[in-house]
Amino acid sequence: MKISKKLYSYYLIWPALLIYSIFFVLPALIGLFYSFTDWRLDRETIKFIGWDNFERIFTDKTLLLAMKNTCIFAVVTVLGKNLLGIALAVGLNMKLKSKNFLRAIFYSPSILSVLVISIVFTPMLRSEGTINRIFDAVGLHSLSQAWLTNPSIVIWTVAAVSIWQHTGFQMAIYLAGLQSISKDYYEAATIDGAGSWRSFVSITLPLLLPAININLMLTLIGGLKVFSEVFVLTGGGPGNASQVVGTIILRSFGEGSWGLGTAVNTLLFAAVTIIAIPLLIFMRRKEVSE
């Protein structure tokens, strides 16, 4: 009887585990196999070619540029979304009459589709668009840029749009974390003579670590897997200036280079795993130590 009770919870897990294995684990393993082949649309047979696809990834200039852009996008968006998210959460956790309205305003972009965001921002970011007109109107002509057609800044522009859209979501998670912190800590700190900054560093940040951990994971994985923002805003252009790993995978499959596309996807999966898991373990240990 005791054994059957222990196994009861596993019986509930098996259906979901089976579905997950069939539709996620099995395709991932099959994809891993195909990443070591010359699988192409124009070939009837598939030949095992070892590491050739991966060697091509690390020697092709476009693929290397895509990996560089992906890293830039991930770092910029992780920092931007989390720093601005914490700042907004702290500000909107104060006693403001309009805080609920402001929370809704800052959160609302995160529920919009990327396609809608692109329709709004593409005209604004053109050379003759709204942003450059504002700079010109206030005399800041030097700040006017070809935001989506200048190869040196286009990936930074896409990252800025992503930060604008998703910071509100990170803000909501940080707000939930802040509201779970007891006010008794701050009252004790005030009695001890601690100022606002000292209370933030010594009380807020340590107790906010679970929320920071969640947001770091979400933004890091989302940044490394970026696709839709680049696809709808620039399509990887101008030229290949804003190509990222996600758009390279799409292009490879579109050209019929299925083996290469699968290899790039496998490399992306490995990169996300290698970066995310150690960071998760580190942040969990920090939570426990705090």
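**Exercise 1. Determine how much of residues 260–282 is helix and how much is strand, and how far apart the end C-alpha atoms are.**

Solution. Over residues 260–282 the chain is 100% helix and 0% strand, where helices (H or I, at least four residues) and strands (E, at least two) are DSSP runs, numbered from the N terminus. The end C-alpha atoms of this span are 33 Å apart. This is a predicted model, in which local features need pLDDT of at least 70 and side-chain atom pairs count only at pLDDT 80 or more, while totals for chains, interfaces and linings use all residues. Residues are numbered from 1 along each chain as its sequence is written, and side-chain values use heavy atoms, with hydrogens and water left out.

As a next step, turn to the record: an unreviewed UniProt entry places the feature "transmembrane region" at several spans, including residues 260–282 and 153–178; UniProt positions are given in the numbering used here, feature names are shortened, and annotations may be inferred rather than shown by experiment. Residues 153–178 are 96% helix and 0% strand, with end C-alpha atoms 35 Å apart.

**Exercise 2. Classify the ring pair of Tyr20 and Phe24 as stacked or edge-to-face.**

Solution. Rings of Phe, Tyr and Trp (its six-membered ring) pair if their centres lie within 6.5 Å; planes under 30 degrees apart count as stacked, over 60 as edge-to-face and the rest as tilted. The structure holds 12 aromatic pairs. In one of them, the centres of Tyr20 and Phe24 are 5.2 Å apart and the planes stand at 20°, so this pair is stacked. Both residues belong to helix α1 (residues 2–34), where they are four residues apart, about one turn of the helix.

**Exercise 3. Find which helices are tied together by the pair of Phe121 and Trp164.**

Solution. Begin with the geometry: the two rings are 5.0 Å apart centre to centre, with 70° between the planes, and the pair is edge-to-face. Phe121 lies in helix α5 (residues 114–124) and Trp164 in helix α7 (residues 154–179), so the pair ties together parts that are 43 residues apart in sequence. For accessibility, buried means under 20% relative accessible area, exposed over 50%, and partly exposed in between (1.4 Å probe, protein chains only). Phe121, at 10%, is therefore buried, whereas Trp164, at 43%, is partly exposed.

**Exercise 4. Decide whether Gln165 is buried or exposed, and list residues that Gln165 touches.**

Solution. Gln165 is placed in helix α7, and with a relative accessible area of 2% Gln165 is buried. Leaving aside residues up to four places away in sequence, Gln165 touches several residues, among them Pro109, Ser113 and Ile117, where contact means heavy atoms within 4.5 Å.
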